[in-house]
Amino acid sequence: MSNYFLCHNKDIAELQTREFSVETDQGQLELFIVRQDNNVHAYQNHCPHLGIPLNWQPDKFLCLEGIHIQCSTHGALFKVENGYCIVGPCAGKSLTALKLEHRNDDEIWLELTNPINI
Ligand code: FES
């Protein structure tokens with residue numbers, strides 16, 4: 001198991017997204033985090049349709065309404081809470097969810113427990 005510090009709680013506001021690039025034992029992992037209803041979720045930055053990054057602007061992963069995660073290439077929409085694709089060419093598939101750990105009341109860490117397909 002490996003842990004990687006991402007940011008502090010104050011660095012991710014409600015319905016804000018932030019991307020990270022983490023050097024892991026398995027290679028470079030591109031991911032983003034999103035906060036909704038005060039829960040922070042993490043996903044690999046990898047669209048299940050073509051396997052390319054979801055965003056075309058740094059740290060921007062939500063649709064204009066700020067309700068869903070949106071792939072910038074073909075517009076697929078994913079639920080924030082579980083990464084499930086509800087509309088688009090990869091409907092029915094899901095983003096790869098990553099586990100987060102909260103430490104010291106203020107720190108958000110990535111916890112990699114299983115091998116990941118980078
Ligand atoms: S690459 Fe994401 S919807 Fe096509």
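I count two residues as in contact if their C-beta atoms, placed from the backbone, lie within 7 Å. The model before me is predicted, and among its contacts between residues at least 6 apart in sequence, 44% join residues at least 24 apart.

Overall form. I looked up the secondary structure and found 9 strands and 0 helices. I then compared the radius of gyration, 13 Å, with the value near 13 Å that a compact globule of 118 residues would have, and the two agree. The C-alpha atoms fill a box of roughly 40 × 30 × 25 Å along the principal axes, and 25% of the 118 residues count as buried.

Core. I went next to the largest nonpolar core, which has 21 residues, with Leu 31, Phe 32, Ile 33 and Ala 42 among those that have the most contacts inside it. Strands S3 (27–36), S4 (39–44) and S9 (107–112) each supply at least two of its residues, and the largest share, 5 residues, comes from S3.

Ala 42. Which residues does Ala 42 touch, leaving aside its neighbours within four places in sequence? I found contacts with Leu 31, Ile 33, Ala 97, Leu 98, Leu 100 and Leu 110. Leu 98, in S8, is also the bridge partner of Ala 42, and S4 pairs with S8 (residues 97–103) in the antiparallel sense over 2 bridges.

Terms used: Residues numbered from 1 in each chain as written. Predicted model: local features only at pLDDT ≥ 70, side-chain atom pairs only at ≥ 80, totals over all residues. Core = buried A, V, L, I, M, F, W, Y, C linked by C-beta atoms within 7 Å. Buried ≥ 20, exposed ≤ 12 C-beta atoms within 10 Å, placed from the backbone. Helix = DSSP H or I, 4+ residues; strand = E, 2+ residues; numbered from the N terminus. Pairing = 2+ DSSP bridges. Rg over C-alpha atoms; globule rule 2.2 N^0.38 Å.
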